[in-house]
Amino acid sequence: MRNVLSTVCVLALASSATAQDDAGPWVIRADRVYTAAGEVFEGGFVAVANGKIVGVGPGGGGAGDELEAVCVTPGMVDLGARVVTHPDAVEQSTEVAASMRVAHALDLFDPRWKRELESGVTTVLATPPDSNVIGGLCIAVKTGGLTDVASRTVRADVALRGSFGTQPSQGNQSSSGTPQTFYVRRPTTRMGVEWTIRKAFYDALAGAQDPERDFEGADVLRRVLDGELVLGAQAWSTQDIRTAIYVKEEFGIERMFVDAAAEAWKEPDLLVRSGMAVVLPPLSFDGRVGPENAFFSWHSARELDELGVPFALSGHGAADPAARLAYQGGLAMRGGLSLEAALAAVTLAPARMIGIDDRVGSLEVGKDADLLLWSGTPFQPTSRIIGVMLDGRLVVDRREASE
Amino acid sequence: MNMKKHSLIAALATILLAPSVPAQSGNLVIEAGRIITQADGEIADGVIVIENGRIAAIGPADSTERPWDAPVVGGEDLVAFPGFVEAHTFRGMDRPNESIDVAAFLDIRDSIDPVSFFFENSVRNGITTLGVQQGNSCVVGGQGMVVRPVGMTVEQMMVRQPFGLKLSAAPKSGKSRTTQAQALRKAFADLREYLETLVQDERDESGKARREALFQGRDVDEEENQGRAMTGLAWTVDGLDIVPRGGVDQKERPLLQLVEGRWDAFFYCGAPMDVHLALEVARDNGFLHRTTLVLDDSCWKAAEIIAEAGVSVVLDNDMIHIERDPRTGDEIETFVPAVFQERGVRFALSSSNDTNRSLWYQAAFATGQGLDRRDALDAVTVVPAEILGLGDRVGRLEAGYDGNVVLFSGDPLDVSSWVEHVIIEGVHVYDRSEDVRIQHLHEGVDPRKSRGTSAALRSER
């Protein structure tokens, strides 16, 4: 800890010369600093300079403009924020669009970015809308900053998006009696979707043996099979989660998570056996969620936590302020999850799932200075986020209004 | 004749006085590690003694006398809180909206479904009193009532019946704003015309009013059915004292009650512009002092004129109003309760159509957004109780009040707290450990097997 503190002083001094407007350096003091890396500092501080965390610990330390809060946590990470929803972001010519990049379809002028940022989500995984079986490459981006994708990128091509269930086949037509359009060759059933995803991986394997059978995007699929790339696939219901697990095991896919896995609680054995990670959708009062009307029991997060299954929570870009990610943490606690586990499920756990935990997800020296200032205990509905810091800049400041 | 009348009154009195929560005596002792009274602060390690459905005594356990034979509910790890009060809802009915524009003669008593999930969920969330009114799509709706969310029949649910009349300043489906305003004013003009005709008929000695009374089965000799002068604040019809009240058509009676200031109005406003119309109609017809506005979240913009009018309001379950700036595309969020708080308007929070955000959550969320904790708690207990005219019966834990108590596993506003027990008028109506439906929803226990969690099923495989 002494080392950390001395580093703080050196860096803080070095950066003070270049300090400008709201970019710091900052020292944030709080009754409790939740690092999400396993430590909670009572009466702690976080020191920030040049957009990075330069010190964190108990007691004083650090130099710069002072900020105060009851609690401080890392900025939240949402793998299921669904920031891209526009229909023209869907590639219509093929069901397997592995080489497409959703980065090219990001609309940074959409108000939902600000919505996410103001509710404490500082990093999202931008995924293609689930109208293709394999929708393309996802990008991890910050929710604020300049309106160009390059400056907001945490890491490009961090995951490949897939989708099980009925959603990719919705709107597709069977060939009988209708004119030939390209919709016709798309799957129209749940089993057709499964077949398409398996065929894609088999074809990619065959393409590696025989260059004549290779196709565009096959190299991306092979990177998934080689364990270089994460596969994140939507699967709400038990049958789709099973399918995802069987695909993972059949092809030996090392790094994979199921997104919106509402019914993950129903067959935990399979999850444990396969090493599958889980992203949970937002809770509903009657337990019924999503396009599949899946049954999402409130104890799901607690159950996954007890079983040691890596899991994250997500907000699905809710327009309602009381349904966003910060409140999902609270609802998971209502289902029996501890505060520490709820915090991990919206910060470090999702960051790890897509391999960006060297940049974001916890309050540790060297990581991006993305952090939240709370008026009380995180995730309680009686608490509020009174400040959001993104890359060392205080981009949301509600301290005045809360006093 | 006289005998008959007396026995009728006696029978009526029995019905009115008998506690309608059936079968149990309403005697109970509640123990709690902490009692939040909403009256005189908090009591540590307290007891609440309920006799005949009412709170007989409340105080610290060591200094409060308790009957030796009453059953005991509670424990030192539980927190007692008054049952939540929902000032206005239109759920729990078959269909909440009537197609007739002016339907004040209808009674939602005929539409309430006692076994609907809405009432079941209300109990689960600790709501013990609800004001049920017709839906918002109306000009003048039917008569509402105050219920407790338990009982197999409407009669068992009744707390106050009839209570309240729904009016809407927002266009009923199929109407424009102008036709809505016209229809509202016409409803009262029609009443006036009807009453004037009645007086004229009586002067002409047509005997029409008496025949009407006979036809509707009303005895014009009874005090409430005798003729008396009209007492409207805004307007009156001269000579109404010569018309027996029993002869006023049933269809017109509720509106007349409203104009005479004997009835409560729940006036819905779907946009800030509707507030003007609602206040004007209420003022012009003399029932502003008995009006509660039921507001859409956008109506915070009319807070100033609402404050001037001095009426209470029931807020929408969306407490944050979101507006999109057409020029910049930015979303502007306004926390609605704070606006009314600043203006000194008395407001009740509501969970209106969303059991996911029941009253405990609404109060917690409002506290998080900056409302004082006590004000937020009042807005789901004391204030709605006053709006329902039950300020001396529910919303507080105090001797003499109804024995409506919720026992939480922790602080009522903590996200991890659960409603463990609900007591309505001294009857223990809910115990979470026996709630099969919540065990399914929250623990994954299949209600059809009611054995084991998914963990138990796992070990069987």
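User: At about what angle to E11(B) does helix H7 of chain B run?
Analyst: This is a predicted model, where local features need pLDDT of at least 70, side-chain atom pairs count only at pLDDT 80 or more, and totals for chains, interfaces and linings use all residues. Residues are numbered from 1 along each chain as its sequence is written, while chains are lettered from A and ligands numbered from 1 in the order written. Helix H7 covers residues 272–284 of chain B and lies across two strands, E11 (265–269) and E12 (291–295). With axes fitted to C-alpha atoms, for helices over the stretch in contact (C-beta atoms, placed from the backbone, within 7 Å), and angles running from 0 to 180 degrees between N-to-C directions, H7(B) runs relative to E11(B) at about 155 degrees.

User: Which strands are at the edges of the open sheet in chain B?
Analyst: Six strands make up this open sheet, in the order E7-E10-E11-E12-E13-E16 of chain B, and their pairing is mixed. Strands pair if DSSP finds at least two bridges between them, and each edge strand pairs on one side only. The edge strands of chain B are therefore strand E7 (140–143) and strand E16 (347–348).

User: Which residue of E16(B) stands opposite Val314(B)?
Analyst: Strand E13 of chain B spans residues 312–314 and is joined to E16(B) by two bridges, the two strands running parallel. Across this pair, the residue of E16(B) that Val314(B) faces is Ala348(B).

User: Is Ser168(B) buried or exposed?
Analyst: Ser168(B) belongs to strand E10 of chain B, residues 165–168. Leaving aside neighbours within four places in sequence, Ser168(B) is in contact with Asn136(B), Cys138(B), Val139(B) and Tyr268(B). Because a residue needs 20 or more other C-beta atoms within 10 Å of its own to count as buried, and Ser168(B) has 28 within that distance, Ser168(B) is buried.

User: How far is the C-alpha atom of Ser168(B) from that of Asp77(B)?
Analyst: Along the chain, Ser168(B) and Asp77(B) are 91 residues apart.

User: Which element gives the largest share of the side of chain B that touches chain A?
Analyst: Between the two chains, 26 residues of chain B are in contact with 28 residues of chain A. The elements of chain B that give two or more residues to this side are strands E14 (320–324) and E15 (331–335), together with helices H10 (359–368), H13 (436–443) and H14 (454–460). The largest share, which amounts to five residues, comes from H10(B).

User: How many helices and strands does chain B have?
Analyst: Helices (H or I, at least four residues) and strands (E, at least two) are DSSP runs, numbered from the N terminus. Counted this way, the secondary structure of chain B comes to 14 helices and 19 strands.

User: What percentage of the residues of chain B count as buried?
Analyst: The C-alpha atoms of chain B fill a box of roughly 85 × 75 × 50 Å along the principal axes. Among the contacts in chain B with a separation of 6 or more, residues 24 or more positions apart account for 66%. Of the 461 residues of chain B, the share that counts as buried is 46%.

Conventions:
Buried ≥ 20, exposed ≤ 12 C-beta atoms within 10 Å, placed from the backbone.
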